Amino acid sequence: MHAVWMIAGSFFFASMSVCVKFASPHFSTLENVFYRGVIGLVFMAILARSRKISLRTTVPMMHIWRNVMGVTAMAASFYALAHLPLATAMTLNYMSGVWVATFLIAGTFVMGRLTEIRRQGPLVLTVLTAFAGVIMLLRPTLDQDQLFAGLVGMLSGLLGAMAYIQVAALGRVGESETRTVFYFSLGGAVAGAAGMLIQGASNLARVEALWLLPMGILAALGQLCMTRAYTRGPAIVVANLQYTSIVFAALYGLILFGDSIPLMGWAGMALVISSAMAATVLRTRAVPNLPAEEH
């Protein structure tokens with residue numbers, strides 16, 4: 001089921017990106033971070049109450065670390081989207097799957113479990129293959145004057161990978177997905193509010209503000225599905241399945257914005273889907289747990 005949860009989360013995140021695309025000309029990056037956090041916070045509080053889930057946590061420092069990594073990664077990705085071509089920013093952000101594979105294999109190597117490294121080789125190859133498919137689909141470019149924004153975009157992928165591994169660790173200690181997403185939404189709301197105190201806030205009395213509500217709800221649903229996937233499934237497989245959001249985003253661009261997808265783009269899409277399926281099949285063949293999955 002972790003595969004289904006991650007694919008559902010990818011769909012919600014891609015749908016959220018459509019809302020952000022419509023809202024971003026009228027609201028700043030930090031405003032989007034704030035409203036996404038506040039709406040997600042209310043949504044998750046209602047969900048927790050309806051399911052009788054306590055929001056009290058016994059591992060506050062784990063949530064703080066997850067929020068520092070996750071909220072910073074989100075802000076960095078928004079900055080990259082504002083200063084880079086969409087294809088380049090999304091590719092750099094979705095390097096998180098490659099970073100997850102790198103961290104997990106490095107952890108296995110440090111612990112001296114060399115046999116497992118050899119056994120994990122095909123899984124790592126599927127992650128790299130999926131990323132190659134993303135590059136084929138998005139065809140990123142980077143001009144010389146965009147170097148700083150490119151580094152920020154790469155940082156978003158690196159920090160995102162660390163946040164995802166922390167999500168998996170929270171699941172291993174028994175934290176509810178609802179509680180994990182609630183505290184992440186709280187972190188986003190606080191960070192966004194701090195930024196708005198400095199730069200000010202835009203007028204909400206406009207029709208474009210209507211995009212903020214589905215943006216927040218879709219983000220919360222995406223986070224909930226992603227958290228459940230990382231909690232209940234192997235991190236390296238879930239990281240690979242995350243690339244499917246690129247496919248959904250490309251289809252949205254084709255249907256809603258009239259973007260064209262060349263033959264190489266369709267081939268990249270097929271590569272992403274096939275590598276995700278391969279990763280799932282490989283993992284189900286009794287592959288042992290990786291170190292990061294045992295926390």
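Just after helix α8, residue G200 takes a positive phi of about 90°. Helices here are DSSP runs of H or I with at least four residues, numbered from the N terminus. The structure is a predicted model, in which local features need pLDDT of at least 70 and side-chain atom pairs count only at pLDDT 80 or more, while totals for chains, interfaces and linings use all residues. Residues are numbered from 1 along each chain as its sequence is written, and side-chain values use heavy atoms, with hydrogens and water left out.

Let me stay with α8, which covers residues 177-199. Its 23 residues reach 33 Å from the first C-alpha to the last, close to the 33 Å expected at 1.5 Å a residue; the expected span is 1.5 Å times one less than the number of residues. At the N-terminal end, S176 caps α8, with a side-chain oxygen 3.1 Å from the backbone nitrogen of T178. A polar contact is a pair of N or O atoms within 3.5 Å; within protein, one must be able to donate a hydrogen and the other to accept it, and residues adjacent in sequence count only if both atoms are side-chain atoms.

I turn to α7. Its 26 residues should span 38 Å, and its end C-alpha atoms are 38 Å apart, which agrees. After α7 comes G174, with a positive phi near 95°.

How do α3 and α7 cross, and at what angle? The axes of α3 (residues 60-83) and α7 (residues 147-172) come within 7 Å and cross at roughly 150°. Axes are lines fitted to C-alpha atoms over the stretch in contact, and angles run from 0 to 180 degrees between N-to-C directions. That makes α3 roughly antiparallel to α7, a term for angles over 145 degrees. Their contact has 16 nonpolar, nine polar and one charged residues. Here Ala, Val, Leu, Ile, Met, Phe, Trp, Tyr, Cys and Pro count as nonpolar, Asp, Glu, Lys and Arg as charged, and the others, Gly among them, as polar.

Next, α1 (residues 2-23) and α9 (residues 212-232) pack at about 155°, with axes 7 Å apart. These two helices are therefore roughly antiparallel to each other. The contact of α1 with α9 divides into 19 nonpolar, five polar and two charged residues.

Finally, consider K52, in the loop between α2 (29-50) and α3. Most residues other than glycine have a negative phi. K52, however, has a positive value near 55°. At 77% relative accessibility, K52 counts as exposed, meaning over 50% relative accessible area with a 1.4 Å probe and protein chains only.

Key: Parallel < 35°, antiparallel > 145°, perpendicular 65-115°, else oblique. Buried < 20%, exposed > 50% of the residue type's maximum accessible area, 1.4 Å probe, protein only.
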